[in-house]
Amino acid sequence: MSASVEIVSFGYLHDAPPAAHLTIDLRHHFRDPHVAPELRYMTADDAPVRTAVLNTPGITDLVAATARAVAAFASGPSAGTVVVADGCAGGRHRAPTFARALAACLRAAGHSVSVSHRDMGKDVVQR
């Protein structure tokens with residue numbers, strides 16, 4: 001069954017998570033590119049950031065598990081757009097990379113997917 005899916009990446013340090021059926025918190029279990037000075041001012045638009053995030057153990061398993069959860073929501077009796085929010089600290093590295101990987105997985109499964117990055121364009125949070 002195909003579904004309409006909206007994915008929103010965000011940073012917890014900027015504002016509260018957006019309303020969603022599923023909210024994935026990437027802050028504590030996946031390496032943060034922010035700690036690497038050469039990656040800190042880059043975003044998920046930059047290949048080194050995407051490589052660092054996607055090579056973190058467990059991230060591809062989480063993408064697959066989230067895709068299965070989306071399919072479960074989509075098969076429910078009140079099928080509508082399934083909203084997934086995924087967040088990291090600043091919203092520039094892990095969350096948008098994860099969102100794009102999830103979108104690719106869901107599109108490959110035949111779902112209609114939109115992706116937005118609420119905080120990727122914001123300034124780096126100094127911490």
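**Exercise 1.** Identify the bridge partner of Val5 in E3, and then describe how strand E1 pairs in this predicted model.

*Solution.* Step 1: the residue in E3 that forms a bridge with Val5 is Val82. E1 and strand E3 (residues 82-88) are joined by seven bridges, and the pairing is parallel. Step 3: turn to strand E4 (residues 112-117), which is connected to E1 by six bridges and also runs parallel to E1. Within E4, Ser116 stands opposite Val8.

**Exercise 2.** Determine how many of the eight residues of strand E1 are buried, and state what follows.

*Solution.* Step 1: a residue counts as buried if its relative accessible area is under 20%. Step 2: in strand E1 (residues 4-11), six of the eight residues are buried. Step 3: the strand is therefore largely enclosed by the rest of the structure.

**Exercise 3.** Describe the largest cavity by its volume and by the classes of its lining residues.

*Solution.* Step 1: rolling a probe the size of a water molecule over the atoms shows where empty space is left. Step 2: one cavity of 30 Å³ or more is counted, and the volume of the largest cavity is about 90 Å³. Step 3: its lining includes Asp32, His34, Cys88, Gly90, Arg92 and Val124. Step 4: sorted by class, the lining comprises four nonpolar, four polar and four charged residues.

Conventions: Residues numbered from 1 in each chain as written. Predicted model: local features only at pLDDT ≥ 70, side-chain atom pairs only at ≥ 80, totals over all residues. Heavy atoms only, no water. 1 Å grid on protein atoms, 1.4 Å probe; cavity = no way out; pocket = protein on both sides within 12 Å on 5 of 7 lines; lining within 4 Å. Points joined across faces, edges and corners; volume = space filled by probe spheres on them. Nonpolar A, V, L, I, M, F, W, Y, C, P; charged D, E, K, R; others polar. Buried < 20%, exposed > 50% of the residue type's maximum accessible area, 1.4 Å probe, protein only. Helix = DSSP H or I, 4+ residues; strand = E, 2+ residues; numbered from the N terminus. Pairing = 2+ DSSP bridges.
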